Amino acid sequence: MSRTWNFAAGPAAMPEEVLLQAQTELLEWRDARASVMEISHRGKAFMALTAEIEADLRALAAIPAHYKVLFLQGGATLQFALLAMNLAAPGQRADYVLSGHWSEKAAREAAPYVEVQMAADARASNYTALPPRADWQLDAQSAYVHYTPNETIHGLEFPDIPEVGSVPLVADFSSSILSAPLDVARYGMIYAGAQKNIGPSGLTLLIVREDLLARATRPMASIFRYAEHAVHESMLNTPNTFGWYLAGLTFKWIARHGGLAAMAARNRRKADTLYAAIDGSGGFYRNPVEPRARSRMNVPFFLHDAALDARFLAGAEQAGLLALKGHRALGGMRASLYNAMPQQGVDALVAFMSEFQRGHG
Ligand SMILES: *Cc1c(COP(=O)(O)O)cnc(C)c1O
């Protein structure tokens with residue numbers, strides 16, 4: 001078998017134990033005498049599975065009872081628009097914090113539905129620093145404050161949850177959900193595409209405070225309406241049943257391996273290993289992000305001479321280190337270190353980096 005260390009940003013590596021279990025259960029799931037993909041989403045067996053998955057997630061992330069959990073489709077990108085349609089009345093304002101590519105996109109996609117205000121903006125730093133909380137211009141009349149706790153492309157992560165008063169805080173957690181304990185009660189809504197830390201693409205997780213569901217007053221199709229999805233327990237239409245099932249296996253995998261606190265410790269150690277290698281390379285490798293804002297999940301890094309990039313990537317592939325090419329907007333390299341990446345994979349990357357430097361330094 002040639003399966004190896006996969007540093008892809010998303011769709012990303014999934015835990016091998018999860019894939020093996022899915023493989024074992026692929027033809028016959030539990031006593032369904034069919035695959036989990038081939039049974040009715042409204043049948044007793046699948047309904048019981050989704051209840052179990054929600055209970056597992058609620059236990060894992062300590063989700064308070066007054067929050068709804070939804071499993072939807074359309075990715076985080078659909079939520080950029082839907083959250084504005086659902087959480088703001090027409091003509092209302094919302095505050096956006098710009099810290100990189102994804103928060104910019106979230107603001108742009110919301111603009112047709114809400115009056116977007118830039119509460120803070122780190123563009124001047126080329127997104128290598130976070131906008132200091134003291135400089136944010138928050139509007140107490142805003143429908144919500146939106147931010148992106150982890151910027152997947154620029155490699156920035158907020159070290160703590162910003163305090164925004166009583167206006168609901170809405171967070172795009174696509175690339176850091178379940179990587180550490182989650183203080184759900186600090187948020188109005190959390191959303192995340194599944195394909196980084198939860199499972200395959202095609203599934204989107206929403207955790208939304210129940211009272212916010214009543215906010216959507218503008219006319220819209222029921223498929224756009226959070227309250228409608230909540231009433232129908234994420235089965236307004238045919239859900240991504242296989243993705244939902246795989247997310248459930250991943251939640252059990254996280255619990256089996258110590259829960260979110262254990263994930264946080266593992267992720268901290270992996271990121272520390274890689275940043276230490278970059279910073280200790282005497283400038284051969286470089287990460288431009290200010291230390292307090294460095295992401296634990298996505299580590300962009302650059303070789304001192306971009307002419308070496310192609311050779312680095314080819315050598316890495318040969319050494320069994322996949323998908324290290326940086327996002328096209330930034331170039332260079334990017335290593336994504338989601339929950340499913342073990343310390344061993346990071347150790348292998350760091351060993352390769354050091355060997356490559358010896359050969360080309
Ligand atoms: C990957 C990613 C997205 C885009 O997700 P889709 O599921 O492709 O819509 C949005 N936000 C963040 C932070 C991401 O990492």
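Q: What makes a stretch of residues a helix in this predicted model?
A: A helix here is a DSSP run of H or I that covers at least four residues. Helix α9 takes in residues 343-360, and glutamate 355 is found in it.

Q: Why is glutamate 355 called exposed?
A: The cut-off for exposed is over 50% relative accessible area. Glutamate 355 comes out at 51%, so it counts as exposed.

Q: What makes a set of residues a nonpolar core, and which residues have the most contacts inside the largest one?
A: The members have to be buried residues of the listed nonpolar kinds, joined through side-chain atoms within 4.5 Å. The largest such core has 56 residues, and Phe71, Ile177, Leu178 and Phe251 have the most contacts inside it. Helix α6 (residues 241-256) gives the most to this core, namely eight residues. Both domain 1 (16-256) and domain 2 (258-360) supply at least three residues each.

Q: Which residues does phenylalanine 71 touch, leaving aside neighbours within four places in sequence?
A: Contact means heavy atoms within 4.5 Å. On that basis phenylalanine 71 has Ile53, Leu57, Leu203, Thr204, Leu205, Ser234, Trp244 and Phe251 as partners.

Q: How do you know which classes of residue line the largest pocket?
A: Sorting the lining by class gives 13 nonpolar, two polar and seven charged residues. The pocket's volume is about 380 Å³, and among its 22 lining residues Glu157, Phe158, Pro159, Ala180 and Arg296 are the closest to the centre.

Note on methods: Residues numbered from 1 in each chain as written. Predicted model: local features only at pLDDT ≥ 70, side-chain atom pairs only at ≥ 80, totals over all residues. Heavy atoms only, no water. 1 Å grid on protein atoms, 1.4 Å probe; cavity = no way out; pocket = protein on both sides within 12 Å on 5 of 7 lines; lining within 4 Å. Points joined across faces, edges and corners; volume = space filled by probe spheres on them. Nonpolar A, V, L, I, M, F, W, Y, C, P; charged D, E, K, R; others polar. Buried < 20%, exposed > 50% of the residue type's maximum accessible area, 1.4 Å probe, protein only. Helix = DSSP H or I, 4+ residues; strand = E, 2+ residues; numbered from the N terminus. Domains from an automatic or database assignment.
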